[in-house]
Amino acid sequence: MSATSMFPMCVRASRGLLRVRSGTAGVSSAAVLDIVRTLSTDKPPAATGGATGGLAQAILQERLQQQEQQSQGQLPPKGGEEKREGDQSEEKKQKENTAYAKKMVLRLAGLMGIGGAVSIVYIFGTNSVDEHGNMIPDEFDKDPPVVQQLKRTFKYFKDYRQMIIEPTSPKLLPDPLKEPYYQPPYTLVLELTDVLLHPEWSLSTGWRFKKRPGIDYLFQQLTPLYEIVIFTAETGMTAYPLIDSIDPQGFVMYRLFRDATRYVDGHHVKDVSCLNRDTSKVIVVDCKREAFGLQPFNGMALKKWDGNSEDRTLYDLANFLKTIALSGVDDVRTVLENYALEEDPIEAFKRRQAQLAQEEEQRLAELSQQKKQGLSLGSIASRFWRSKQQ
């Protein structure tokens with residue numbers, strides 16, 4: 001192509017560039033230079049100068065329009081599709097790796113579970129042995145080996161569950177003492193936690209148990225009248241040293257722990273019928289009504305002690321229990337039934353005692369007044385008789 005034919009094409013391209021630039025101020029200069037460079041390197045076909053200039057102008061406008069759309073976000077930038085495809089492939093690989101890891105963990109957990117189950121059946125399903133290492137025969141020996149293992153394992157866990165639910169013995173206390181030994185006429189069953197002691201925890205000291213005011217007074221006043229038994233839902237390892245600390249003189253005759261309770265509906269219940277005592281002479285003192293739920297009229301539900309050092313509940317409880325014992329009540333359930341619905345039976349007892357004292361005072365006042373009236377009438381009659389004799 002000659003220089004004379006190139007000159008009109010460049011002029012038209014520059015004019016088109018100026019017109020487009022005036023309408024696309026947001027397009028970068030680098031983009032425009034790139035377009036001009038592209039036009040200069042393209043080799044137009046042999047044709048007329050007007051056709052060549054029109055083609056160059058159309059290409060220039062199309063490139064500028066694409067650059068404008070990219071700058072406005074209407075078209076993805078150059079290389080965006082490749083980047084998006086790379087991100088999608090990487091995300092897909094990550095999901096595949098995660099799914100594979102989950103599958104392997106589930107398989108491993110399943111294998112461990114199966115192995116643990118087989119180990120349990122092998123350990124607890126094997127025959128017991130005596131002191132010489134000889135196998136002890138049982139009722140499952142005639143079954144196939146696998147069935148033997150399964151049945152023994154089932155029996156073991158059944159017995160273990162029964163041991164937790166049921167008391168350790170149908171007679172939790174020994175037989176009552178006989179002469180010449182003294183057996184108190186009544187039995188008092190006391191809970192340890194929140195009735196006699198209050199557990200407290202701090203970061204510096206850990207768990208500590210606070211002794212409730214009036215414990216010594218309660219034991220001293222009731223020992224001749226009641227057989228004192230501490231029956232707690234705590235374990236023996238925890239409760240035994242605590243009982244030693246609050247009863248150094250040995251007023252407590254017997255101690256029963258969690259293994260002696262009956263597990264009912266999520267609660268450790270103290271079954272009075274298993275104490276080997278006359279139930280009409282047994283009183284259970286606890287801060288939970290569920291603790292004596294099987295025999296509701298054998299118990300008293302005190303308010304839970306919060307650790308207040310000014311508390312006087314045990315002093316009032318000693319007076320209440322002394323009143324029952326000294327009155328010679330044949331069946332304590334007839335008395336405790338009157339306090340079964342009271343939120344605080346000790347306060348109810350004090351109110352009734354005050355009311356009875358007031359009624360007794362009024363009765364004595366009326367008797368005194370009647371005596372005074374009788375004396376006054378007698379004096380009048382005697383005066384009348386004397387005046388008549390005279």
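This is a predicted model: local features need pLDDT of at least 70, side-chain atom pairs count only at pLDDT 80 or more; totals for chains, interfaces and linings use all residues.
A nonpolar patch lies on the surface. Its members are Trp201, Leu203, Trp207 and Phe209. Together they present about 560 Å² of accessible area. Phenylalanine 209 belongs to strand E3, which covers residues 206–211. The relative accessible area of phenylalanine 209 is 36%. This residue is therefore partly exposed, since the value falls between the 20% limit for buried and the 50% limit for exposed.

Threonine 193 sits in a loop. The loop links strand E1 (186–190) to strand E2 (197–202). Threonine 193 has a relative accessibility of 15% and so counts as buried, the cut-off being under 20%. Its side chain makes a polar contact of 3.0 Å with the side chain of glutamate 234.

Helix H8 spans residues 313–326 and contains 14 residues. From first C-alpha to last, the helix reaches 20 Å. That is close to the 20 Å expected at 1.5 Å a residue. Several positions of H8 are buried, including Thr313, Leu314, Leu317, Phe320, Leu321 and Ile324. Asp316, Ala318 and Ala325 are buried as well. In an α-helix, residues three or four places apart point the same way, because there are 3.6 residues a turn. After H8 comes glycine 328. The phi of glycine 328 is positive, near 65°.

Note on methods: Residues are numbered from 1 along each chain as its sequence is written. Side-chain values use heavy atoms; hydrogens and water are left out. Patches are made of residues with over 30% relative accessible area and no salt bridge: like charges are joined within 9 Å, nonpolar side chains (Val, Leu, Ile, Met, Phe, Trp, Tyr) within 5 Å. Accessible areas come from the Shrake-Rupley method with a 1.4 Å probe; for residues, only the protein chains shown count as cover. A salt bridge is a side-chain nitrogen of Lys or Arg within 4 Å of a carboxyl oxygen of Asp or Glu. Helices (H or I, at least four residues) and strands (E, at least two) are DSSP runs, numbered from the N terminus. Buried means under 20% relative accessible area, exposed over 50%, partly exposed in between (1.4 Å probe, protein chains only). A polar contact is a pair of N or O atoms within 3.5 Å; within protein, one must be able to donate a hydrogen and the other to accept it, and residues adjacent in sequence count only if both atoms are side-chain atoms. The expected span of a helix is 1.5 Å times one less than its number of residues.
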